[in-house]
Amino acid sequence: MDKAEDPIEQLEAYDGELPIIATNRNQWFGGKARDQGRLDTLFAASRFEDVAYVDIELETARAKEWILDEFRENDVRLIISHHDFESTPEQDVLTAIIDQCASYGEIAKVAVYPEDLSDTLTLLTALREATEDGISAAGIAMGETGSHTRVIGHIYGSKLGYAPLLDDDSEYAPGQIPLGKLRALVESTRIDGANLERIEAVEDDVAVPSELGLPN
């Protein structure tokens, strides 16, 4: 929502079939929203029937835990997310972060910055362990080094995938893969018999075709 000119008006005009994940980031979490009124605008979005999930930062959930119940009263589920734009935490630290996110919301999401490929293995291992422990977790390693985690994360249990539409001319972070290509890659790497939950949703700041689904 922080990158949309008038997100509430756009939500009112939305006539797609897929549910929406609403986010409203300030600059500390990679977005452009001002602190004042940021959560009020996100709460207003949560009142829309098409908004099924709201993504709230772990730091915000910790500081203002009382608002989580208010969001749930609008019949939305919570994705609690943590972003590290500079590094990848050690395995035990990342596991603890995922556990904390899960204690506040229905889905725990982490995004880390890998310095090398071993950091991407740390992320994937944490996702797999969380999934085996019954946590609905999602995660990506950012940048070009972590780009492949967007493709194979579902194998390790990641419940969400993020991708720009091919005809969207917005600026996206390095390592992101256009939706059509990502979907084909995910489908080609599926493992038969994997017990992975399927969640279909689309970010609310892009135009949506009538037929669109995100695997896992």
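A cavity is a set of grid points where a 1.4 Å probe fits but cannot get out. I worked on a predicted model throughout.

**Entry 1: cavities.** I looked for cavities of 30 Å³ or more and noted two. I took up the second largest cavity, whose volume is about 30 Å³. I listed its lining as Thr95, Ile98, Asp99, Ala126, Glu129, Ala130, Asp133 and Ile135. Helix H5 (91-104) and helix H6 (117-132) are the elements that give two or more residues to this lining. Sorted by class, the lining of the second largest cavity has three charged residues, one polar and four nonpolar.

**Entry 2: nonpolar cores.** I next looked up the largest nonpolar core and found 37 residues in it. Ile98, which I had already noted in the cavity lining, is among the residues with the most contacts inside this core. Leu42, Val54, Ile56, Phe71, Leu78 and Ile80 are also in that group. Another core, of seven residues, lies apart from the largest one and includes Ile21, Tyr53, Ile107 and Ala138.

**Entry 3: Val54.** I checked what Val54 touches, leaving aside its neighbours within four places in sequence. Val54 is in contact with Leu42, Phe71 and Leu78, and also with Ala22, Ser46, Val76, Arg77 and Ile79.

**Entry 4: Phe71.** Is Phe71 buried or exposed? I read its relative accessibility as 1%, so Phe71 counts as buried, the limit being under 20%. I then searched for aromatic pairs and counted one. Its members are Phe43 and Phe71, with ring centres 5.4 Å apart. Their planes stand at 75°, and edge-to-face needs over 60, so I logged the pair as edge-to-face. Phe43 sits in helix H2 (residues 38-46) and Phe71 in helix H4 (residues 66-72). The two are 28 residues apart, and the pair links distant parts of the chain.

**Entry 5: Asp75.** I looked at backbone angles and noted that Asp75 has a phi near 65°, which is positive in a residue other than glycine. Asp75 is in the loop between H4 and strand S3 (77-83). Its relative accessibility is 68%, so I recorded Asp75 as exposed, the limit being over 50%.

Entry 6: I turned to the second largest pocket, which holds about 250 Å³ of space. I found 15 residues lining the second largest pocket, with Arg38, Leu39, Asp40, Lys64 and Ile67 nearest its centre. H2, helix H3 (58-63) and H4 are the elements that give two or more residues to this lining.

Terms used
Residues numbered from 1 in each chain as written. Predicted model: local features only at pLDDT ≥ 70, side-chain atom pairs only at ≥ 80, totals over all residues. Heavy atoms only, no water. Core = buried A, V, L, I, M, F, W, Y, C linked by side-chain atoms within 4.5 Å. Buried < 20%, exposed > 50% of the residue type's maximum accessible area, 1.4 Å probe, protein only. Contact = heavy atoms within 4.5 Å. Phe/Tyr/Trp six-rings, centres within 6.5 Å; stacked < 30°, edge-to-face > 60°. Helix = DSSP H or I, 4+ residues; strand = E, 2+ residues; numbered from the N terminus. 1 Å grid on protein atoms, 1.4 Å probe; cavity = no way out; pocket = protein on both sides within 12 Å on 5 of 7 lines; lining within 4 Å. Points joined across faces, edges and corners; volume = space filled by probe spheres on them. Nonpolar A, V, L, I, M, F, W, Y, C, P; charged D, E, K, R; others polar.
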